[in-house]
Every structure is written in structure tokens, then in C-alpha cells.
Amino acid sequence: MARLFGTDGVRGLANREVTAELALQLGTAAAHVLGERGTFADRRPHAIVGRDPRVSGQFLSAAVIAGLASAGVDVEDLGVLPTPAVAYLTAAENADLAVMISASHNPMADNGIKFFARGGVKLDDAVEDAIEAQLGSDWVLPIGADVGRITLDRGLGGDRYVQHLLSTIGHDLAGLRIAVDCANGAASQVGPDVLRAAGADVVVINASPDGRNINEKCGSTHPEQLQAAVVASESHLGVAYDGDADRCLAVDHTGALVDGDQIMGMLALALAEEGRLAHNTLVVTVMSNLGLILAMREAGIRTEQTGVGDRYVLEAMRTGGFSLGGEQSGHVIMSDHATTGDGVLTGLHLAARVAATGRTLADLASVVQRLPQVLINVPGVDKARVNSDEGVAAAVSAAQERLGDTGRVLLRSSGTEPLVRVMVEAAEQEQADSEARALSDVVLARLALA
């Protein structure tokens with residue numbers, strides 16, 4: 001049977017895969033497993049729970065809170081706040097655990113349940129597996145005065161988060177006009193608030209969540225509205241969050257998109273200049289554009305590559321003691337200030353870099369010259385043999401030799417489907433297209449399922 005917990009908690013169609021019953025059981029099981037493992041000190045355990053504004057989050061957060069409180073955990077209901085705000089407050093309030101109800105950039109009908117341990121870090125796989133194994137167990141629950149208490153935050157958590165973000169920059173944003181697309185999501189209030197508090201003139205779009213419009217043709221997955229708003233309002237730049245604001249993409253004054261690779265390149269250079277880029281290293285995934293790797297090499301900055309997914313970036317950052325990492329999607333982790341990707345933090349530091357240098361975002365982003373990148377999915381193949389088939393290996397080697405130092409070939413098997421993803425980067429679009437098509441044909445010919 002497939003593992004319940006994925007790379008980012010439990011996620012699926014709300015009220016089908018992710019139900020109130022499951023949420024209740026997860027809350028109770030998490031409390032018992034963490035308690036049995038000695039996570040709770042000699043005091044009443046304290047948890048905080050947040051959610052994004054999608055309508056299913058109301059009943060799912062209520063169910064999780066009920067499960068925790070029934071197991072004797074005192075719960076603070078934060079209401080609607082970004083995922084990184086929940087992670088920050090977990091550490092700031094010394095909470096024993098936290099739960100975020102969100103499906104991030106996914107469509108409104110989906111939802112998810114993600115746990116944070118003390119300190120605002122994700123649970124280890126072993127703890128998630130233990131929680132899953134204990135779902136539905138016949139617990140002896142507390143009674144009387146030993147049941148958990150539930151309190152409402154009333155907005156103080158959001159204020160603390162905004163003040164924390166403001167404390168991380170050394171230059172205000174006075175004189176900048178910034179357009180912000182909140183994706184009708186969890187940052188619809190705190191996203192504009194922090195930019196205004198930092199001194200910017202803020203133009204806001206898609207900040208009217210109604211429970212149904214989250215991520216709907218807006219935010220970091222659909223930046224077209226922001227691109228138009230930046231040009232129409234003559235803003236210096238724009239930032240776009242996703243539904244739970246753990247991602248940020250940007251738009252320069254011309255309306256051109258600035259992706260996560262370019263953002264990481266700019267922030268890495270800024271930290272390196274200040275002597276705060278730990279071990280002079282940027283952590284990226286294998287899907288980051290080769291243009292970023294080459295730009296960092298030119299600047300004397302080392303890059304460490306991981307598998308695709310923010311959890312692998314986080315693992316590498318913790319293991320190596322690195323301070324900056326992320327993904328092309330705009331999931332950027334600044335570990336000096338956050339334990340997870342934080343779109344609002346990223347946008348704030350990007351704007352502060354523009355203000356401090358007096359340069360345009362377009363000029364700053366030009367340090368990363370993105371190479372043409374072609375991705376082709378090859379279905380109906382035996383993905384288990386992609387790394388062992390001699391014919392495929394020979395074709396990859398020959399393609400890489402033709403591309404030289406300014407190109408790259410990457411083959412990855414899908415985690416859930418019988419397909420292989422072929423990615424090729426090259427100095428010219430025509431060469432990238434040609435090599436990708438040729439390699440896809442080899443993969444299909446060599447690995448086709450009977």
C-alpha cells in the first residue's frame with residue numbers, strides 16, 4: 001500500500017482522500033506518538049494550527065484541532081496564515097508541534113495536512129510512519145480537566161510574523177512601487193502589510209480570498225495578471241506568491257518573469273558580498289537551469305545539487321550548514337531567517353536588494369542567463385531500467401559530449417507513473433530541441449513496455 005505521507009505531508013482531494021475523519025485521527029495519533037517519543041516536556045503540550053483560505057480548510061482544521069485537544073494538547077488556532085508563518089511561530093512560541101492545512105499551489109478542491117516539529121522543522125520520515133501506523137488505534141483518552149484547551153489567535157501571530165520579516169532586512173523600500181499578487185491565498189493580508197511596513201508603495205491584486213478562488217488563474221503558477229499589473233502601474237517590480245506563500249516568483253519593470261533560479265542567483269551574490277553565504281555555497285536541485293550553475297561558477301560561488309523537492313534541499317542545507325537554497329519554482333529557503341521556503345521573506349529581500357543597489361530588477365536578474373531547456377515526458381516505458389540500460393547510457397554520453405560544457409542532459413524516472421522525463425539544456429534552442437527529441441526516441445525504443 002502506498003505511503004500516506006508524501007514529500008510535503010498528506011495531500012489529496014478534500015473530502016475524498018483528505019477527510020475530516022482522517023484529520024481527526026492524524027491529530028490524535030500525532031499527539032500520542034510524539035508524547036510517547038518524549039517530545040513533550042513535563043508540562044501540558046502546546047500546538048498551533050494554521051490554514052490557507054480554501055473552504056475545506058475550515059472543517060479540516062477543526063477536525064485536526066479536535067483530535068489534538070482530545071489527546072490532551074492545548075491548541076492555538078491561528079486561522080489563515082502562510083505556511084512559513086506557522087513554521088516561524090512554532091519556534092517563536094516554543095510550541096511542541098504545529099499543523100498547517102494547505103495544498104499550497106494545488107487547485108482549490110485539493111487540500112493537505114502538514115506537521116511541524118518543535119523548532120518549526122518538518123517531521124522525520126520515521127515519525128510520520130509511526131503516526132500513520134497508529135491511525136485509528138484505540139487510545140485511552142484523557143477526561144475532565146486533562147483534555148486540551150483551544151484558544152483563538154485573534155491576529156497576533158500575523159503581527160509577530162510581519163515584525164520578524166521586517167527585522168531581517170537592512171534597507172527599507174522607500175521609493176519603490178511594488179505590485180504583489182497574493183493568489184487569493186494565505187498571504188493576502190500579511191504579504192502587502194510587510195511591504196508597506198518596509199516603506200514601499202504597494203499595488204495589490206488577487207487579495208480577496210473567498211474560499212474558492214485560491215490559485216485560480218493567479219499567483220506564482222499564473223503570473224500573467226501580475227506581469228500586466230506591473231506594466232500598467234509603472235511599478236519597479238512585482239512579486240507573486242502561491243496559495244500558502246511558501247513560493248515567490250518576480251516580475252521586472254518591463255513585465256518579464258524572473259524565476260526562482262534568477263532569484264537565487266541574485267540573493268546568493270548579495271549574501272556573498274556581505275560574507276553571509278555559508279560555505280560560499282548555493283543549494284539547488286538537478287532541475288535548476290544550467291545558466292544558474294554557470295553564473296555562480298563565474299562569481300566563484302559553489303553549487304550543490306540535490307534531487308527534486310524542497311525536502312531534499314532542506315536536508316542538504318542542514319547537513320552541510322548552508323544558508324541559501326531552493327528550486328526554480330520559487331521555493332527559496334533562507335535558513336538564517338526561516339526553517340522552510342518563505343515567499344514573503346524572499347520577495348522582501350529581493351525588493352531590499354533593488355532598493356539597496358539602486359539597480360533595476362531586470363539588471364540584477366541578468367546575471368543568470370537562462371539556457372534553453374527542453375523537457376519531454378516519455379510514457380509507457382520501464383522506468384526502472386533508465387539508469388542501467390547500456391543503449392540509453394551510450395546515447396546520453398554521446399549527447400553530453402556534443403553539448404560540451406554549455407549543455408546538460410538529465411533523465412529522471414517518474415515517482416508515480418510509468419514514464420521517464422528527458423531534459424536537455426543547450427546554448428541554442430534548436431540544439432536543445434534536437435537532442436531532446438533524439439534521446440526521447442532512444443528511451444522509447446530501448447525501454448518500451450511490452
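## A buried cysteine and the chain around it

Cys182 is buried, with a relative accessible area of 0%; buried means under 20% relative accessible area, exposed over 50% and partly exposed in between, using a 1.4 Å probe and protein chains only. The model here is predicted, so local features need pLDDT of at least 70, side-chain atom pairs count only at pLDDT 80 or more, and totals for chains, interfaces and linings use all residues. Residues are numbered from 1 along each chain as its sequence is written, and side-chain values use heavy atoms, with hydrogens and water left out.

What about Cys248? Cys248 is buried too, with a relative accessible area of 0%.

| Cysteine | Closest cysteine sulfur | Distance |
|---|---|---|
| Cys182 | Cys218 | 9.4 Å |
| Cys248 | Cys182 | 11 Å |

The Cys182 sulfur is too far from that of Cys218 for a bond, and the Cys248 sulfur is too far from that of Cys182. The structure holds 0 disulfides, a disulfide being a pair of cysteine sulfur atoms within 2.5 Å.

Now for the whole chain. There are 14 helices and 19 strands, counted as DSSP runs (H or I, at least four residues, for helices; E, at least two, for strands). The chain's radius of gyration is 23 Å, close to the 22 Å from the globule rule for 450 residues, so the chain is as compact as a globular protein of that length. That radius is taken over C-alpha atoms, and the rule is 2.2 Å times the number of residues to the power 0.38. Of the 450 residues, 56% count as buried.
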